[in-house]
Amino acid sequence: MATSASAQLSKVVKRQYMELPQGDQVQAMYIWIDGTGEGLRCKTRTLDSEPKSIEDLPEWNFDGSSTYQSEGSNSDMYLIPSAMFRDPFRKDPNKLVLCEVLKYNRKHAETNHRHTCKKIMEMVDNQSPWFGMEQEYTILGTDGHPFGWPSNGFPGPQGPYYCGVGADKAYGRDIVEAHYRACLYAGVMICGTNAEVMPAQWEFQIGPCEGINMGDHLWVARFILHRVCEDFGVVASFDPKPIPGNWNGAGCHTNFSTKEMREDGGLKCIEECIEKLGKRHNYHIRAYDPKGGLDNARRLTGHHETSNIHEFSAGVANRGASIRIPRTVGQEKKGYFEDRRPSANCDPYAVTEALIRTCLLDEEGDEPVDY
């Protein structure tokens, strides 16, 4: 199994340094989304005291020409602190700081979807939009081979691995447990985890989160997963179809509800939203992965618990549909619906914004409205 050289370094030696007192000073790790729309970057600065809110955190900058976000002749980009969490790696009082990225002219960067998402969420905050996102991922060795798979072949066919228990069914549970506890420590709204259908594939769920918090908490949960995997010397992949052939892909199913949907008779509102979504399928497919639908085309084939990327469908308890209404929601006539189309590497800001635009702002057509 190919693991990184860094993972071979002695963690015992490191620990004696990490236990040294740091006085009143605090390490703040600034995190941002790079120019790919799916990669994360980070760097750390020292603060003289523990920040109590976002307002206590200074703006910062970085070299955008090294993150696919600017050219070298005008490379300074601004980091605007947007959400703060406890740091599970350096522990209290140190912080993780999720940032928005602005260009040299203070306009938001092309992959800063948080900016418009926040504006859209504020337009509908009286409707209390709740989201829950199910993040699937695959653990790989540093050579790109799925963790625990035979080096020159494949494991047994899918069937025993989903929610499986045992060394021959669950590959890499240590990473899952470490990530879960680190998220709880950080204050990330993680609500569950399970082994997925393909061996070495796992899922964690974030939510319920209201409005912009959905994107903030999922991005920080992804960052924590990457850091945990770094410590173990392996790689977390959000590729929507990491292994071609008769293996499940990886999605990021998105559950959505409003105050009206959650109240008695809310099923009528859910059905109206699904009708609106059906008329705007192409717009949503473009918003649901960072390559405008090209990544999802490998996953949404109509097989392996997915719908066909070219067709819109909806059904109660149907995991082969674009939109699934859970059976309990159909019975109780209220609750939420699940959009099964977003890919594992989607931007949650773009996904949640698209749902609000179509379902609550009644937008139509293939382009978003500029407010």
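This is a predicted model: local features need pLDDT of at least 70, side-chain atom pairs count only at pLDDT 80 or more; totals for chains, interfaces and linings use all residues.
How far is the sulfur of C273 from the closest cysteine sulfur? That distance is 4.0 Å, and the partner is C359. A disulfide needs the two sulfur atoms within 2.5 Å, so the pair C273 and C359 is too far apart for a bond. A search of the whole structure comes back with 0 disulfides. C42, too, is in no disulfide; from its sulfur to the nearest cysteine sulfur, that of C99, is 11 Å. C42 is partly exposed, at a relative accessible area of 36%.

Now the overall picture. The protein has 10 helices and 13 strands. Its radius of gyration is 21 Å, close to the 21 Å from the globule rule for 371 residues, so the protein is as compact as a globular protein of that length. The C-alpha trace spans about 60 × 50 × 40 Å along the principal axes. Of the 371 residues, 51% are buried. If we take contacts between residues at least 6 apart in sequence, 66% of them join residues at least 24 apart.

Next, the sheet. Here 5 strands form an open sheet with mixed pairing, and the order is β2-β1-β5-β4-β3. Which strands stand at the edges? They are β2, residues 40-47, and β3, residues 60-63; each has a single partner strand, so one side of each is left without a neighbour in the sheet. On average, neighbouring strands in this sheet are turned by 40° against each other, ignoring direction.

Inside that order, β1, residues 26-33, pairs with β5 in the parallel sense, over 4 bridges. If you want a place to look, A28 stands opposite K95 in β5. Helix α4 packs on the sheet and touches β1, β2, β4 and β5. The direction of α4 makes about 120° with that of β5.

On to helix α2, residues 114-123. Which of its residues are buried? They are R114, C117, I120 and M121. Looking down the axis of α2, these buried residues fall within an arc of 125°, so they line one face of the helix.

Last, some backbone details. The loop between β4 and β5 holds two of them. K91 lies in that loop and has a positive phi of about 65°, although it is not a glycine. P93 is found in the loop between β4 and β5 as well, and a cis peptide bond joins D92 to P93, with omega about 5°.

Where does P208 lie, then? P208 is in strand β8, residues 201-210. A cis peptide bond joins G207 and P208, and omega there is about -5°.

The remaining one is A317, in the loop between β11 (314-316) and β12 (323-325). A317 is not a glycine, yet has a positive phi of about 60°. With a relative accessible area of 28%, A317 is partly exposed.

Notes: Residues are numbered from 1 along each chain as its sequence is written. Side-chain values use heavy atoms; hydrogens and water are left out. Buried means under 20% relative accessible area, exposed over 50%, partly exposed in between (1.4 Å probe, protein chains only). Helices (H or I, at least four residues) and strands (E, at least two) are DSSP runs, numbered from the N terminus. The arc is that of the directions from the helix axis to the C-beta atoms. Two strands pair if DSSP finds at least two bridges between them. Axes are lines fitted to C-alpha atoms, for helices over the stretch in contact, and angles run from 0 to 180 degrees between N-to-C directions. Contact means heavy atoms within 4.5 Å. The radius of gyration is taken over C-alpha atoms; the globule rule is 2.2 Å times the number of residues to the power 0.38.
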